[in-house]
Amino acid sequence: MNYKMLHEKFERRKQWLIFDKEEVVRRVMVRYKARVIPKTDIMDLVNDDQLSYEHIFCCLTIDDPCVLEKIFTAKERKDHQWEIDDNARRGMVYKHKDEAHRRYNQLIIDEQEGRRLEIIFESKDGKYVTGFLTRYMSEQVGSYIFAHVGGAKFTGLVPRSLLPADLTDEEIKMSYRWYLESLEEWNKL
């Protein structure tokens, strides 16, 4: 990959590559037929070490089987099948404190087995997406989102102080390369 060429394209087009948080969510919802769910439905988010719970502004779920069929790689589908087989082999029966915990347990099983994908968005500045997670990763969805959130990050609109403090310069360079690759993949350059 010619990162120098991609960087030059980014520099020429960067003003069109900056999307506020609402526009990012709108585009993801339209492209993947995603729907909003309450962050309280994903009970373990409060303990997440990658995003700040108080700054999570939107949670989406993709659960349309036709969409899910298109967004997972062969390896991701293989991982889902392994989970399906493992869960069937172990014959797990879960006890639930209440209906909310039963739904949460089912959410986890559905994520593991590829029947749904959760996307969690964070905004520490209230304007741009400063972090996101795709639970039970889909490379395609992660790349699409990064192509839409990286512009604010790499043009300096999101101050470095709002990014994870433990990022090394090398990790930032790798992140920028992934951003350029994502832009290229989604024909944004």
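Reader: What is the handedness of the crossing where H2 passes H6?
Author: Right-handed. Keep in mind that this is a predicted model.

Reader: At what angle do H2 and H6 pack?
Author: About 150 degrees, and their axes are 10 Å apart. Angles over 145 degrees count as roughly antiparallel, so H2 is roughly antiparallel to H6.

Reader: Which residues make that contact, H2 to H6?
Author: H2 (residues 21–32) brings Val 24, Arg 27, Val 28, Arg 31 and Tyr 32. From H6 come Gln 140, Val 141, Tyr 144, Ile 145, His 148 and Val 149. By class, the contact of H2 with H6 has seven nonpolar, two polar and two charged residues.

Reader: And H6 with H7, what angle there?
Author: About 120 degrees, with the axes 8 Å apart. H6 covers residues 139–154 and H7 covers residues 169–185. That angle makes H6 oblique to H7.

Reader: Left-handed or right-handed, for H6 and H7?
Author: The H6 and H7 crossing is left-handed.

Reader: Which residues of H6 and H7 meet?
Author: On the H6 side, Gly 142, Ser 143, Phe 146, Ala 147, Gly 150, Gly 151, Lys 153 and Phe 154. They meet Ile 172, Ser 175, Tyr 176, Trp 178, Tyr 179, Ser 182, Leu 183 and Glu 185 of H7. The classes are eight nonpolar, six polar and two charged.

Reader: OK, the sheet. What is the strand order?
Author: S1-S2-S3-S4, in an open sheet with antiparallel pairing. The edge strands are S1 (35–37) and S4, each pairing on one side only. On average, neighbouring strands are turned by 25 degrees against each other, direction ignored.

Reader: Which strands does H2 touch?
Author: S1, S2 and S3. H2 packs on the sheet, and its direction makes about 5 degrees with that of S2. H6 lies across S2, S3 and S4, running at about 170 degrees to S4.

Reader: How many bridges join S2 to S3?
Author: Six, with S2 (residues 56–62) running antiparallel to S3. One partner pair is Ile 56 with Glu 122 in S3.

Reader: And from S3 to S4, how many bridges?
Author: Five, again antiparallel, with S4 at residues 131–135. Ile 119 stands opposite Thr 134 in S4. Glu 122 stands opposite Gly 131 in S4.

Reader: Why call S3 largely enclosed by the rest of the structure?
Author: Because six of its six residues, 117–122, are buried. Buried here means under 20% relative accessible area.

Reader: Which residues sit on each side of S3?
Author: Leu 117, Ile 119 and Phe 121 are on one side, and Glu 118, Ile 120 and Glu 122 on the other. Both faces are covered.

Reader: Back to helices. How do H4 and H5 cross?
Author: At roughly 130 degrees, with axes that come within 8 Å. H4 spans residues 74–90 and H5 spans residues 99–112. That makes H4 oblique to H5.

Reader: Which residues of H4 and H5 meet?
Author: His 80, Glu 83 and Asn 87 in H4 meet Ile 109, Glu 111 and Gln 112 in H5. By class they divide into one nonpolar, three polar and two charged.

Reader: Last one. Ala 100, buried or partly exposed?
Author: Partly exposed, at 29% relative accessible area. Ala 100 sits in H5.

Technical notes:
Residues numbered from 1 in each chain as written. Predicted model: local features only at pLDDT ≥ 70, side-chain atom pairs only at ≥ 80, totals over all residues. Heavy atoms only, no water. Buried < 20%, exposed > 50% of the residue type's maximum accessible area, 1.4 Å probe, protein only. Helix = DSSP H or I, 4+ residues; strand = E, 2+ residues; numbered from the N terminus. Pairing = 2+ DSSP bridges. Axes fitted to C-alpha atoms, helices over the stretch in contact; angles between N-to-C directions. Parallel < 35°, antiparallel > 145°, perpendicular 65-115°, else oblique. Left-handed = near helix turned anticlockwise from the far one by under 90°. Contact = heavy atoms within 4.5 Å. Nonpolar A, V, L, I, M, F, W, Y, C, P; charged D, E, K, R; others polar.
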